[in-house]
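Biologist: I have the file open and want to go through some local features with you. Can we start with the charged pairs?

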Amino acid sequence: MSDAAKKYEFKAEVKKLLDILVHSLYTSREIFLRELISNASDALDKIRFESNRGTEIADKDLPLEIRIEFDEKKKLLTVTDTGIGMTRDELIANLGTIAKSGTEEFVRLLAETKADPGNMIGKFGVGFYSVFMVAKEVIVKSKSFLSTETGVEWKSDGLGEYEIAELDEKFPRGTRIEVYLKDDASEFAEKWRLENVIKKHSNFISYPIYLTNEKINTVSALWREPKSSVKKEQYDEFYKFLSYDSDEPMDVIHKSVDAPIQFNVLVFIPKKSNDFFWHDRENYGLDLYVRRVLIQHKNKDLLPEYLSFVKGVVDSEDLPLNISRETLQENIVFTKIASSVSNTIFGYLSDKAKNDPAAYNDFWKEHGKIFKLGYGDFANRDKFLELIRFNSSACADKDELISLADYASRMKEGQKEIYFITGQNRDSLKTDPHMEIFSNKGLEVLYLTDPVDEFVVQSLHTYKEFEFKSAESADSKKLSELKNVEEKKSGLEDLNKDDEKHFFSLLSKMKTILADRVEDVVKSARLVDSASCVVSKDEGLSASMQKILRMTNKDLAQPKKIFEVNPDHKLIRNLIRVFKKNANDDFIVEVTEQLFESALLQEGTLEDPHKLIQRLNRTLEKSSDWYVEVNKFE
Ligand code: ADP
């Protein structure tokens, strides 16, 4: 390095990441080589792209390739490419900072989970720094494709600083990375080990990789081969290469289309959904090739975002090689390919759902969370409706799933709505008072336990001619006209005329007590086992939806509810007796308040539980007096 070397400090997030990488021993540290080779391959893609669109480039006759050399004695490994290279500023920006959003979150996760970061690093793409798992010093020499630029050298031990200097020597376009290996990583300067790692992780790189002078990767475009000639192992190997997944894929979809537009598609559905998805939303897309030449890595317009769990490649003969990434979306051939790719995936999923429902349910459990965000895709609405799954009151347990077609096939005569109820989990929904009338009438109710589910059904609005309807706002009068599955369970006689009059006066009294906290107090037609509940006005949003909205807008007022009271409940019958004797008895106030607040608590909208608890404790105290007295404990 010349005298003009200048020292720089790594940015804070890089320091943190390096600290984790340098000081730990990981079993999968061989992946550093995959990362260096993949960066070299990206750099070669970039130069090929520039050359295809006629940009002037330095050393334009250099073959596009990656060379790997090693020196066992010096414990030195070098990876050289003839790619796009880097200028001084690019070296500082690319190898001194991490430009990705979500990096902090990633580093935190890496530090916290203490998991082997091999796969996480690849998936997140902070690949270069992984070299410090094996290196005590790294020297990067690079020369940009711009002929006005000179070569630069970057050097670091990964501990906090790096140096940059001009390169004196005449250096050709591209990048050379010299890795001075730690003592315990000397295996990466041995031929058999290097060959093994390259074959394992980098076999499908589309440029030749030479180890010393021997070409060792296959360089084949698997997606161009006829389906019948590709073995499962080849698909698996290609998928692992593409996705950084260590597992095999759940599904392989391989198709070749000739007319009206020629393209090949080879995509995979992973066995596991990517936990990192929400922090790393940008990291999806299909690789777009034109005549076997990679035009764009992770193109995001070939698939809608809700199919982003799909990984793979698309290759077409019918797009121009020099197509610019910016104008792709406006290219008619491209948009036709894109919609055809989506159709292929929809077709595949429909067949899977039909032919192997158990496997389809497994798919749904992994990827349904992302897939259901497709509720707004009107072009695919009908297919989407057939592919979404729910748990429902007709399911035997929380793992069973049903389709809307299943639901429709079980609908009662004259039933025009598909009922749903939202809440935390299946157990709490099963005991929700709003469910009572549905159980009593034998009506199936969809259990929506994912917060996004309600957006999904509200946006879809209908399935076939049936409207989605929240159990909280369903018209209980209409429902009560349907036949009961079981007979009344309360064991109470019907109210006589006189008591019924008193019951309605009691409701008015309750309304005075609750005043402007309720919209109304009415006789309930939906309750069987519970004394009371609150319901939304028709067309109102369900309680859980309101909760979500209030999370984002704190000032949103709590909409008033209708308080429903069950005249066929023991507690209410006793209350009628008290009311007949003394309409102003404090006990009526006490019970009304308690029932109302309990109903709010149950649906999760009670703001302050203190009064409810004090009241409850008062009641328990009194009942303990009564209990001791009745049982003659004294
Ligand atoms: P990623 O490759 O996911 O962007 P890295 O940390 O591996 O993350 O690399 C950071 C950046 O450094 C790359 O985006 C690229 O711009 C640059 N880079 C790394 N290696 C090379 C190389 N061999 N040739 C040219 N640029 C490179």
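Biologist: What does Lys232 form a salt bridge with?

Modeller: Lys232 pairs with Asp236, and the closest N and O atoms are 2.6 Å apart. This is a predicted model, so that distance is computed from predicted coordinates.

Biologist: How far apart are Lys232 and Asp236 in helix α7?

Modeller: They are four residues apart in helix α7 (residues 232-243), so about one helical turn separates them.

Biologist: Is Asp236 buried or exposed?

Modeller: Asp236 has a relative accessible area of 9%, so it falls under the 20% cut-off for buried. Lys232 is partly exposed, at 46%.

Biologist: How many salt bridges does the structure hold?

Modeller: 39. One of them joins Lys7 to Glu163, with the closest N and O atoms 4.0 Å apart. Lys7 sits in strand β1 (residues 6-9) and Glu163 in strand β6 (residues 161-166), so this pair ties together parts that are 156 residues apart in sequence. Lys7 is exposed, with a relative accessible area of 56%.

Biologist: And Lys272, which side chain does it meet in a salt bridge?

Modeller: That of Glu366, at 3.5 Å from N to O. The pair links distant parts of the chain, 94 residues apart: Lys272 is in the loop between β11 (263-270) and β12 (286-290), and Glu366 is in helix α9 (residues 357-371). Lys272 counts as exposed at 57% relative accessibility, whereas Glu366 is partly exposed at 21%.

Biologist: Which residues do salt bridges join into one network?

Modeller: Glu30, Glu187, Arg193 and Lys200, through salt bridges that share partners.

Biologist: Switching to the inside. How many residues are in the largest nonpolar core?

Modeller: It has 70 residues. Those with the most contacts inside it include Val314, Val341, Phe371 and Phe468. Helix α8 (residues 332-355) gives the largest share, eight residues. Domain 2 (222-352) and domain 3 (390-487) each supply at least three residues to this core.

Biologist: What is Val341 in contact with, leaving aside its neighbours within four places in sequence?

Modeller: Phe263, Val265, Leu286, Leu302, Leu303 and Val314. Apart from that core lies another, of 53 residues, with Leu36, Leu91, Val152 and Ala189 among them.

Biologist: Now the surface. Which residues form a nonpolar patch there?

Modeller: Trp626, Tyr627, Val630 and Phe633, with about 490 Å² of accessible area together. Phe633 lies in the segment after α20 (610-630) and is exposed, with a relative accessible area of 53%.

Biologist: Last topic, backbone geometry. Which peptide bond is cis?

Modeller: The one from Ala259 to Pro260, with omega near 0°. Pro260 is in the loop between β10 (249-257) and β11.

Biologist: Which residue other than glycine has a positive phi?

Modeller: Thr212 is one, with phi near 50°. It lies in the loop between β8 (209-211) and β9 (214-215), and is partly exposed at 29% relative accessible area. Lys298 also has a positive phi, of about 50°, although it is not a glycine.

Biologist: Where does Lys298 lie?

Modeller: In strand β13 (residues 293-299). Lys298 is partly exposed, with a relative accessible area of 32%.

Note on methods:
Residues numbered from 1 in each chain as written. Predicted model: local features only at pLDDT ≥ 70, side-chain atom pairs only at ≥ 80, totals over all residues. Heavy atoms only, no water. Helix = DSSP H or I, 4+ residues; strand = E, 2+ residues; numbered from the N terminus. Buried < 20%, exposed > 50% of the residue type's maximum accessible area, 1.4 Å probe, protein only. Patch = residues over 30% accessible without salt bridge, like charges linked within 9 Å, V, L, I, M, F, W, Y side chains within 5 Å. Areas by Shrake-Rupley, 256 points an atom, 1.4 Å probe, with all protein chains shown as cover. Core = buried A, V, L, I, M, F, W, Y, C linked by side-chain atoms within 4.5 Å. Domains from an automatic or database assignment. Contact = heavy atoms within 4.5 Å.
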